[in-house]
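The following exercises concern the fold of one protein chain. Please work through each task with the sequence and the model in view before reading its solution.

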Amino acid sequence: MKPFAYLRAATADHAIDTFASHAGAQYLAGGTNLVDLMKLGVAAPEMLIDIRRLPFDRITDTPEGGLRIGAGVSNSDLAAHPGVRSRYPCLSQALLAGASGQLRNTATTGGNLLQRTRCPYFQDTTKPCNKRLPGSGCPAQEGAHRDLAVIGHSDHCVATHPSDMAVALSALNATVHLYGPEGERAVPVTDFHRLPGDRPEQDTVIRPGELITAVELPPGPIGVRSRYRKARDRASYAFALVSVAAVLELEQGAVRYAALAFGGLAHRPWRARVAEEALRGAPATPENFARAVEAELAAASPLRDNGFKVPLARNLAVSVLTGLAPHPNSEDLA
């Protein structure tokens, strides 16, 4: 690991000013991803600015009835929060599916959003990778890509985003709050992560020096159900081959509102807008769920070895949506 300087920031402004005055600086919170990348030689910051003790470690109710989650809240605390478990269950489920208890105790909300791909070529500094070294190529296109993207990818990158939490936040229409040299701003989480295009090294729309300060969840209508499920190669602590977060509101057996997001398919959590539009007003039946999801996945362009992800995503999404729709003689299966 390359030597680096270290500074513990006293305030957010202290962190931002230090970042601006030190080339090669990076922020450090839980470090569960960044420290691994430093050990691999993928990341080599000149300075680490420790932001873990900044006052971003609380979950509070918003005046509108939603939740504001500080960027420093641990994944364990977020998953266990009563308001999250009762009002946004798919978020708690996603967090619990994401890592071991030890990692959840350390990983933060902001860091989870900013974690980088686990594509093997990105993590191996002996191999070319456009995300790590722009212009060097993407050997995954013809190489080992079983776990990689089937939709939204480009000739420059076929990596997938690894976060479970971000998939649930996408389905829940969360907002990311940022603070940086230009002041405060808010970005819908669905716009926070980028598709690769010809700039795959840019994972997000975050600007140099900006900090994530909080993630805000809007209030959910009474009666809305949500769920997160994940398909993976082993039962514990593996990244998703495909994951699904779904939110469903019904009225007299028809879909009044649906939000659907996929993980493991793309460079960012994939919000299924085509499927959502197809479901709006339709009877909540497995057949309609299947037609809507198939319409969404018609845009998929799988590579040589990962075409199985398309039917896997379809079947997983239909199963989740069907489970959220009340069955005959059942008052509540959510």
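**Exercise 1: The sheet**

Task: Determine the strand order of the open sheet and the sense of its pairing.

Solution: The open sheet has 5 strands in the order E4-E5-E8-E6-E7, and their pairing is antiparallel. Strands are DSSP runs of E with at least two residues, and helices are runs of H or I with at least four, numbered from the N terminus. Two strands pair if DSSP finds at least two bridges between them. Strand E4 (59–61) and strand E7 (183–188) form the edges, each pairing on one side only. On average, neighbouring strands are turned by 25° against each other, direction ignored; axes are lines fitted to C-alpha atoms, for helices over the stretch in contact, and angles run from 0 to 180 degrees between N-to-C directions.

The model is predicted: local features need pLDDT of at least 70 and side-chain atom pairs 80 or more, whereas totals for chains, interfaces and linings use all residues. Residues are numbered from 1 along each chain as its sequence is written, and side-chain values use heavy atoms, without hydrogens and water.

**Exercise 2: Strand E6 and its neighbours**

Task: Identify what pairs with E6 and which helix packs on the sheet.

Solution: Strand E6 (residues 175–180) pairs with E7 over 6 bridges, in the antiparallel sense. Glycine 180 has glycine 183 in E7 as its bridge partner. Helix H1 (residues 12–21) packs on the sheet and touches E6 and strand E8 (211–217), contact meaning heavy atoms within 4.5 Å. The direction of H1 makes about 65° with that of E6.

**Exercise 3: The whole chain**

Task: State how many helices and strands the protein chain has.

Solution: The protein chain contains 13 helices and 12 strands.
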